[in-house]
Amino acid sequence: MDGASHRRTSEFVMTISKNARLLLASLLGVGLAFIYVPLTVVVINSFNSSRTFSWPPSELTTKWWMMALDNTGVRDALKWSIIAGLSATAIALVLGTSLAFAVSRYNFFGREVISLLVVLPISLPGVVTGIALNNAFTKQLGMSTGLLTVVIGHATFCIVVVYNNAVARLRRMGTSLQEASMDLGANGFTTFRLVTLPNMASALLAGGLLAFGLSFDEIVVTTFTAGPGIQTLPIWIYNNLFRPNQTPIVNVVAATLVFISIVPIYLSQRLSSDSSSGGRF
Amino acid sequence: MIKMEVQMHNKRLFSQIAVASVAALILAGCSSSNDAASSSGVPDVPMMETLGEGEGQVNLVAWAGYVENGSTDKNVDWVTGFEKETGCKVNVKNGATSDDMVALMKTGEYDVVSASGDASLRLIYGGDVAPVNTDLISNYADIFENLKQQQWNSVDGVSYGVPHGRGANLLSYRTDIVKPAPTSWASVFDVNSPYKGKITAYDSPIYIADAALYLMATQPDLGIKYPYALDQKQFDAAIEVLKAQKPLIGEYWGDYLKHVASLKSGGTVLGTTWQVNINLAKSEGTKVEGIKPVEGSTGWSDTWMISSKAKNPNCAYMWMNHIASPAANAGVAEWFGEAPSNAKSCDLTADKNHCATFHAADDAYWEDVYYWNTPTETCLDGRTDVKCLPYAEWVKAWSSLRNS
Amino acid sequence: MQSIANTMHKKPKLRLAALLAAPILWLVVAYLGALATLLVTAFFTIDSFTGNVVQSFNLGNFQDMLTDAAYKNVVLRTLGIAISVTIICTILAIPMAFYMAKIAKPKSQKILVALILTPLWASYLVKIYAWRTMLEPGNGVLDWLLGPIGFNSPGFGGPAIIIGLSYLWLPYMILPIYAGLERLPNNLLDASGDLGAHNWYTFRRVVLPLIFPSLVAGSMFTFSLSLGDYITATIIGGKLQMLGNVVYQNFSINLPFAATIATIPVTIMAIYLWMVRRTGALASL
């Protein structure tokens, strides 16, 4: 199996001309530069002695890094953000996938409206979604806000990320594999576990990672759905941008997050492709 | 064939949307409605009479920097001591704007809010805050007299909060670029200004009052007595001033970071600012000054108010007393960058010049500062023959101005 | 387990109900209900004294919105920005995703995906403030780096908003396309080449149609996230405002009017989805 795919890859590489490969590689380079130049600015600004991010830095200092190490508020905020993000992503994966299945495999009243419904939370200004969710929790369901409401709120707008990716994959996938599996004797659950899910793995992983990113970075809806004791990282950052004395500390936090997040993302990639069937049919 | 299919799809889609909308509307009708309609006076909210035992916690809505517990900077902490002394654990939610704060208070989940003048009357008339029994607040006695019982923090002699501090909206200018040094707000409203495109203004509907203040001096026949009490004619004139000003503006600012960065780089050379921004810009080496022009200026004084639905009223009162105490008030005034409200705080600031820089005890300075207030339909200047425009109209006009 | 599986297999409606129950309950009953309560206030007004909502039906808000040219401006501007961001993200994402999916070796693939995703963790606000430093006219990073070759930063305003938003949502376009291309059988491309098509033709006639659903999936994010955004405009938009700014400014003091403005993004998304449906990208099998 391994040898076969290897052969396929090298066969294919010869089909794309050298010029095309060069062009694509340079476009990739341009894209990566676009992505990383601003992040480099963030890192440099974390050493910038200016409290207003002015450029070029007249003086470099490590005092913001020192302050960040001492800051206990950021650690709590990071903890809440990770918990909320992972929980919201998990919920979004389950709900988004089941919705995607329902919409692409079945015909029912209201099907067409679902696409609109799932995308509303992110297409409306955060304030509208935030207040609507707060009303839903406090006035309709009689709950008080706290971590649970943050998670549910985030899951609400994360569903669409998983849903869209899953629907796109399901359209491409078709039902033939599923039918073949069931013809061969597997029941619904087994088919889902061994045939459908692995084929959707990369779409779901993409959706999950993006959903986590969306949740991790969300400010406005969180303000209205988080209870008094909960402060997520984006809110902590927002507040610090309003504190005249130590704004650059947010650059330190962002830079740190970028560095330390490379590892888990890379690992999650390895995990998914190891478990998927991996084949290009 | 395909066309028919598409048409069928569209018909189905339309009917589904129609049904969903109707269902939603019905649901909406069934869910709890908002408070009952208008009352002609202030809602009757009871005032606390006696202080009891602390409830163990207090939930605050405050501006960033007002409630520091050492997690930002070990030395900046006026909360942990309070928590130890009273047993009230402090949970704070920072609001980004007055609008956020009003919305958060309306949820009923918070006990205390540090309301700016453009929010305070909204909260009072909306029934979201209760009158404050100042007898229960021992530090209230030391608050500067000209902050007590003002139009934005009291109604008919009833006090609705504890003053936090104050600041004026100054005119900033780059001393190395703007010559000669400006002395009047005319420099930001002059359509022939040589600094066109490099002027800034505060990005909030309350800035309309600044235009009104300017008209008080330049068009006295309009009869504007108080910049927050504008009838339709006066309001329209103020909007005209702002429309004429728009081409001069490079950026409107709402957060200090953008503003100070702009001052430093020279993208902005002239416009409304706060003393704290001037200090920050100067510390970065920018040649800038902030002055109160001859016409006077608008300003702000935040008020700590207690929710009408407060779940922890005793701790709430304890907090309001604490933040108004000389030491805490000095701490927050220095950290945030404003004049303290407690007269005794001036002896306790680390920077001995703090009160002088911020004119804390200079009563004469504040004579021509018009603190932010919430415009209401009943004219705030006492006129009864006309209707003034309420803040909702200010906001709508500002949205329109910003996009026209 | 087997018997449940059998029942589910025989009764498709039961399967459907199981799939739909939880998401529908939350989305339709709770979220949509709350949203509808908010948006229905567009037909109400506020008491000019207390500021509380008065539930008497009237169309005044819609009239105000439709007669004031300012709102037409902000809608068109927001729409223009959302469309531009989508186009730019698509153009940037396709070559990157193609390289990652088809040319990169499996090990590099994982690294590249990780590289694309790490910016997501750097915080929206920090990234946009970094763009402020980049775009500052005169002494920003762009002028500092490229000034000597005669390039000028566009400064703050519409182009800045478009650049900023494209930057933020690029991963949301790259990943779906990457996932879609990954499933694209290599032998299709081989066959196309064998039949004599040159690369651009293969791309246009084979690849593009097959990744169209992924493009649509990605564009939904870039378009809708841009539609509701207002923070970027505040930071690097110069004097400009977007729809979200108007809603944000009005929601607390005048909820009915804010709701009126909020119906615009809802309408736009409904039209967008309808158009997508017409192109058949999401046609049922």
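Student: What percentage of the residues of chain C count as buried?
Tutor: This is a predicted model. A residue is buried if 20 or more other C-beta atoms lie within 10 Å of its own. Of the 285 residues in chain C, the share that passes is 54%.

Student: Is chain C compact or spread out, and why?
Tutor: Chain C holds 13 helices and 2 strands. For 285 residues the globule rule gives 19 Å, but the radius of gyration is 24 Å, well over that, so compared with a compact globule chain C is more spread out.

Student: What box do the C-alpha atoms of chain C fill?
Tutor: The box is taken along the principal axes. Its dimensions are roughly 75 × 75 × 35 Å.

Student: Which helix gives the largest share of the side of chain C that touches chain A?
Tutor: The contact takes 88 residues from chain A and 90 residues from chain C. On the chain C side, 14 residues come from one helix, spanning residues 12-40. That is helix α2.

Student: How many residues on that side of chain C are nonpolar?
Tutor: The side of chain C that touches chain A has 6 charged and 17 polar residues. The nonpolar ones number 67.

Student: Which residues have the most contacts inside the largest nonpolar core?
Tutor: That core has 300 residues. One of those with the most contacts is B:Met320. Leaving out residues up to four places away in sequence, B:Met320 touches B:Ile137, B:Val162, B:Trp304, B:Ile306 and B:Val112. The residues asked for are A:Ala92, B:Val112 and B:Met320.

Note on methods. Residues are numbered from 1 along each chain as its sequence is written. Chains are lettered from A and ligands numbered from 1 in the order in which they are written. This is a predicted model: local features need pLDDT of at least 70, side-chain atom pairs count only at pLDDT 80 or more; totals for chains, interfaces and linings use all residues. A nonpolar core is a set of buried Ala, Val, Leu, Ile, Met, Phe, Trp, Tyr and Cys residues joined through C-beta atoms within 7 Å. A residue is buried if 20 or more other C-beta atoms lie within 10 Å of its own, exposed if 12 or fewer, and partly exposed in between; C-beta atoms are placed from the backbone. Two residues are in contact if their C-beta atoms, placed from the backbone, lie within 7 Å. Helices (H or I, at least four residues) and strands (E, at least two) are DSSP runs, numbered from the N terminus. Ala, Val, Leu, Ile, Met, Phe, Trp, Tyr, Cys and Pro count as nonpolar, Asp, Glu, Lys and Arg as charged, and the others, Gly among them, as polar. The radius of gyration is taken over C-alpha atoms; the globule rule is 2.2 Å times the number of residues to the power 0.38.
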